[in-house]
Amino acid sequence: MRSYVLLILPSANRVYAEAAVELTVAELEVFNLTVLSGRLRDIAAATIAGVRYVGFTIDEELTPDEVAALSNAAGLYALFAVEGSLLRPVATTPLAHFDDDLISIPKYAGKTNEQFTHLLLNVTLLSSTASSSFLDGGLRVLDPLCGRGTTLNQAMVYGYDVAGIELDGKDVEAYTAFLKTYLQRKRVKHRIETVPVRRDKRLVARRVTARITPPRGARELTLDVVHADTTAAGEFFKPATFDAIVTDAPYGVQHGSRTVAAGLRRSPLQLLAEAAPGWVRLLRPGGALGLAWNTHVAARDEAAALLRDAGLRVLDHGPYGRFQHRVDQAITRDILVGVRA
Ligand SMILES: C[S@@+](CC[C@H](N)C(=O)[O-])C[C@H]1O[C@@H](n2cnc3c(N)ncnc32)[C@H](O)[C@@H]1O
């Protein structure tokens with residue numbers, strides 16, 4: 001039997017750092033239930049010489065494919081094999097079609113924590129039937145409440161095609177401006193344009209499309225961000241064309257949920273009720289939706305019921321019920337993952 005420990009990425013955010021060990025235990029369990037075929041055992045927090053790790057055991061040594069998968073765990077800083085009282089570093093090979101400053105450079109109020117966004121993307125992708133292609137690039141991910149693109153940037157680092165919907169025009173503009181500057185500064189080959197979307201000669205949305213050749217990727221990526229109300233998602237994207245939908249709903253603190261028709265509301269439940277059926281139609285069969293939200297403004301059972309009503313099989317077993325964590329006094333964040341039959 002072999003033992004390994006995973007050193008957790010230091011987090012700039014102290015509260016997230018406190019939650020990171022337990023979140024990483026749950027994340028590794030999802031890796032184990034899916035791409036690692038249950039080979040890991042005893043996944044648990046461990047303290048060695050006063051430093052916190054997440055440890056696990058396995059009958060034989062990790063294979064290169066298993067190391068490649070685990071290299072992408074959101075909480076991972078370094079991986080070690082435990083040999084007696086010593087730790088032997090294991091070289092990791094995270095997917096890195098772009099540098100990770102694509103995710104870390106943007107700083108703004110309302111940004112979803114980067115490490116958490118990475119975890120939500122992982123847990124969602126791993127739960128979909130596309131999990132076997134997790135490392136191969138070429139999947140397609142939508143964030144239908146994309147803000148200034150934290151999910152989209154993480155999915156691009158993975159080499160995936162990305163799409164987003166955002167109602168706030170300032171966010172769409174800021175994200176587009178950031179991308180243009182970033183791609184130019186890094187000398188990344190790309191073509192980006194903003195086009196109006198018209199119906200019956202009326203302007204209904206603006207759409208930013210890009211084709212980007214990542215510095216270390218084998219294929220060109222597409223980016224497609226629409227400035228529109230997410231309840232109209234079906235008007236902008238073809239049905240059954242996404243492997244995963246990954247989104248962080250408004251927290252109802254500084255930013256509420258809004259639709260053009262109903263205006264601002266504190267709880268995201270109404271927005272979810274109106275938007276989720278349309279989102280689910282955009283998923284390929286076997287595709288997964290991962291939702292993060294603030295449990296102070298919407299109960300887990302209610303959010304789960306809405307996802308079920310929208311046609312998803314909500315995953316509630318084992319690690320899927322253990323992602324809840326405190327963000328601040330007003331926000332306790334949780335995750336729900338559902339799969340389209
Ligand atoms: C929690 S924030 C997401 C932040 C994003 N993950 C990021 O890091 O930039 C939720 C977003 O949903 C957007 N939103 C709220 N209601 C919407 C709607 N009906 N359609 C599209 N976007 C909406 C808000 O403007 C906000 O940017």
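Reply: Among contacts in the protein between residues at least 6 apart in sequence, 67% join residues at least 24 apart, where contact means heavy atoms within 4.5 Å. This is a predicted model, in which local features need pLDDT of at least 70 and side-chain atom pairs count only at pLDDT 80 or more, while totals for chains, interfaces and linings use all residues. Residues are numbered from 1 along each chain as its sequence is written, and side-chain values use heavy atoms, with hydrogens and water left out.

Me: What makes the protein as compact as a globular protein of its length?

Reply: The protein has eight helices and 17 strands, helices (H or I, at least four residues) and strands (E, at least two) being DSSP runs numbered from the N terminus. Its radius of gyration is 20 Å, close to the 20 Å from the globule rule for 341 residues, and therefore the protein is as compact as a globular protein of that length. The radius is taken over C-alpha atoms, and the rule is 2.2 Å times the number of residues to the power 0.38. Along its principal axes the C-alpha trace spans about 70 × 45 × 35 Å.

Me: Why is Thr92 called partly exposed?

Reply: Buried means under 20% relative accessible area, exposed means over 50%, and partly exposed is in between (1.4 Å probe, protein chains only). Thr92 has 28% relative accessibility, so it counts as partly exposed. Thr92 lies in the loop between β5 and α3 (101-104) and, not counting residues up to four places away in sequence, touches Val67, Ser71, Leu76 and Leu79.

Me: Why is helix α5 described as largely enclosed by the rest of the structure?

Reply: Eight of the eight residues of helix α5 (residues 150-157) are buried, and so the helix is largely enclosed by the rest of the structure. The buried residues of α5 include Thr150, Asn153 and Gln154 as well as Leu152, Met156 and Val157. Just after α5, Gly159 takes a positive phi of about 85 degrees.

Me: What makes β6 and β11 a pair, and in which sense do they run?

Reply: Two strands pair if DSSP finds at least two bridges between them, and strand β6 (residues 140-143) pairs with β11 in the parallel sense over two bridges. Val141 stands opposite Ala244 in β11. β11 also pairs with strand β14 (residues 283-294), in the parallel sense over six bridges, and there the bridge partner of Thr247 is Leu291. Seven of the seven residues of β11 (residues 242-248) are buried.

Me: How do you know which strands are the edges of the open sheet?

Reply: Five strands form this open sheet in the order β2-β3-β1-β4-β5, with antiparallel pairing. The edge strands are β2 (41-48) and β5 (86-90), each of which pairs on one side only. For β5, the pairing with strand β4 (residues 76-83) is antiparallel over five bridges, and Ala81 stands opposite Arg88.

Me: What is meant by a nonpolar core, and which residues touch the most other members of the largest one?

Reply: A nonpolar core is a set of buried Ala, Val, Leu, Ile, Met, Phe, Trp, Tyr and Cys residues joined through side-chain atoms within 4.5 Å. Of the 76 residues in the largest such core, Phe56, Leu62, Phe98, Leu119, Leu125, Met156 and Leu223 touch the most other members. The largest share of this core, 10 residues, comes from helix α1 (residues 14-33).
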